[in-house]
Amino acid sequence: MQIQKENTELGQIEYSFRTGEPLIVLLNCFGSFDTVQNFSQVLKYLPKDFEIFAPDFLNTWL
């Protein structure tokens, strides 16, 4: 998994990704961990050729 940071009008967003096919989007909005940490147990069971996109929305509503 690669981690990328992007600046937007609303602030900085961080997301993790892995290229492949088909695309799986993992959304997180609970807890104090980032998206990849919350889904770590799921990720190890997904085939390695699946594309993953996991944005971190942590505290974006505060």
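Trainee: Which residue in E4 stands opposite tyrosine 15?
Mentor: Tyrosine 15 stands opposite proline 55 in E4. Please note that this is a predicted model, in which local features need pLDDT of at least 70 and side-chain atom pairs count only at pLDDT 80 or more, while totals for chains, interfaces and linings use all residues. Residues are numbered from 1 along each chain as its sequence is written, and side-chain values use heavy atoms, with hydrogens and water left out.

Trainee: How many helices and strands are there?
Mentor: There are two helices and four strands. Both are DSSP runs numbered from the N terminus: helices are H or I with at least four residues, and strands are E with at least two. Along the sequence, the pattern reads β-β-β-α-α-β.

Trainee: In what order do the strands sit in the sheet?
Mentor: The order is E1-E2-E4-E3, in an open sheet of four strands with mixed pairing. E1 and E3 (23-25) stand at the edges with a single partner strand each, so one side of each has no neighbour in the sheet. On average, neighbouring strands are turned by 25° against each other, direction ignored; the axes behind such angles are lines fitted to C-alpha atoms, for helices over the stretch in contact, and angles run from 0 to 180 degrees between N-to-C directions.

Trainee: And which pairs are parallel or antiparallel?
Mentor: Strands pair if DSSP finds at least two bridges between them. E1 (residues 2-8) and E2 are antiparallel over seven bridges, and E2 is joined to E4 by five bridges, also running antiparallel. E3 and E4 run parallel, joined by three bridges.

Trainee: How many residues lie between E1 and E2 in their hairpin?
Mentor: Two residues lie between them. Threonine 8 has glycine 11 in E2 as its bridge partner, and isoleucine 3 has serine 16 in E2.

Trainee: Is serine 16 buried or exposed?
Mentor: Serine 16, in strand E2 (residues 11-18), is buried because its relative accessibility is 7%. Buried means under 20% relative accessible area, exposed over 50%, and partly exposed in between, with a 1.4 Å probe and protein chains only. Buried residues make up 19% of the 62 residues in the protein.

Trainee: What does serine 16 touch, apart from its neighbours within four places in sequence?
Mentor: Its contacts (heavy atoms within 4.5 Å) are Met1, Gln2, Ile3, Val36, Ile52, Phe53 and Ala54. With the same exclusion of neighbours within four places, glutamine 2 is in contact with Tyr15, Ser16 and Phe17. Glutamine 2 lies in strand E1 and is partly exposed because its relative accessible area is 48%.

Trainee: Phe53 was on that list of contacts of serine 16. Where is phenylalanine 53 found?
Mentor: Phenylalanine 53 is in strand E4 (residues 51-56), where valine 25 stands opposite it. At 32% relative accessibility, phenylalanine 53 is partly exposed.

Trainee: Turning to charges, how many salt bridges does a search of the whole structure find?
Mentor: The search finds one. Lysine 5 forms a salt bridge with glutamate 14, the closest N and O atoms being 3.7 Å apart; the term requires a side-chain nitrogen of Lys or Arg within 4 Å of a carboxyl oxygen of Asp or Glu. Lysine 5 is partly exposed at 49% relative accessibility, and glutamate 14 is partly exposed with a relative accessible area of 25%.

Trainee: One last topic: which residues does a cis peptide bond join?
Mentor: Glutamate 21 and proline 22 are joined by a cis peptide bond, with omega about 0°. Proline 22 lies in the loop between E2 and E3. In general, most peptide bonds are trans.
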